[in-house]
Amino acid sequence: MALIKNWVEYLHDYKRRETGIVFKDFPVNCKSLCLEIGAGDGYEATLIKGYFGTLISTEYRKDCFKEKIKGIFYFRCNAENLPFKDESFDFVFSSNVIEHIKDKGKCLSEIKRKKKKGGIAIHLV
């Protein structure tokens, strides 16, 4: 159990540093709509939610979203077939997800369809 706890603490520390770098110059609480692909345990969503008007966090695994946070909307779905209208999102974010997806091309095409023209997508690998 201690190993798992330390591993989770390590991953959360990594995510804090990662989002600190990525969002360093990003305006806080802009009114944009963000889609997070691959939320995992949801920790990173708690770190980035303050930057957006609305955050939609997605995860494929069944054991995700054990603790839901106010202001974050959760969807269990596949990144290769996102259940949202085309050109809905101002910003799409993923961290250490794309490399795990079987059909990366389909996933990236799907993300491109869901992102508004002129929107931003950041995928950390």
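Reply: A word on the numbering and the model comes before the answer. Residues are numbered from 1 along each chain as its sequence is written, and side-chain values use heavy atoms, with hydrogens and water left out. This is a predicted model, in which local features need pLDDT of at least 70 and side-chain atom pairs count only at pLDDT 80 or more, while totals for chains, interfaces and linings use all residues.

The unit that you ask about is made by β1, helix α2 (residues 43–48) and strand β2. Helices (H or I, at least four residues) and strands (E, at least two) are DSSP runs, numbered from the N terminus. A crossover is called right-handed if, with the strands pointing away from the viewer, the path from the first strand over the helix to the second runs clockwise.

Strand β1 belongs to an open sheet of five strands, in the order β3-β2-β1-β4-β5, with parallel pairing; two strands count as paired if DSSP finds at least two bridges between them. The edges of this sheet are β3 (72–76) and β5 (115–124), each of which pairs on one side only. From one strand to the next the twist averages 20 degrees, where axes are lines fitted to C-alpha atoms, for helices over the stretch in contact, and angles run from 0 to 180 degrees between N-to-C directions.

On one side, β1 is joined by four bridges to β2 (residues 54–59), and the two run parallel; here Cys-34 has Leu-55 as its bridge partner. Thr-54, also in β2, is partly exposed, with a relative accessible area of 28%, for buried means under 20% relative accessible area, exposed over 50%, and partly exposed in between (1.4 Å probe, protein chains only). Apart from its neighbours within four places in sequence, Thr-54 is in contact (heavy atoms within 4.5 Å) with Ser-32, Leu-33, Cys-34 and Phe-73.

β1 (residues 33–37) also pairs with β4 (residues 89–95), in the parallel sense and over four bridges. In this pairing Leu-35 stands opposite Val-92, and Glu-36 stands opposite Phe-93. β1 is mostly covered, since four of its five residues are buried.

Part of the setting of β1 is helix α3 (residues 104–114), which lies across β1, β4 and β5 and runs at about 140 degrees to β5. The buried residues of α3 are Cys-107, Glu-110, Ile-111 and Lys-114; seen down the helix axis they fall within an arc of 100 degrees, so they line one face of α3, the arc being that of the directions from the helix axis to the C-beta atoms. These buried residues pack against β1, β4 and β5.

The largest nonpolar core has 14 residues, among which Leu-35, Ile-37, Leu-82 and Ile-111 touch the most other members. Such a core is a set of buried Ala, Val, Leu, Ile, Met, Phe, Trp, Tyr and Cys residues joined through side-chain atoms within 4.5 Å. At least two residues of this core come from each of β1, β4 and α3. Leaving aside neighbours within four places in sequence, Leu-82 is in contact with Leu-35, Ile-37, Cys-77, Glu-110, Ile-111 and Lys-114.
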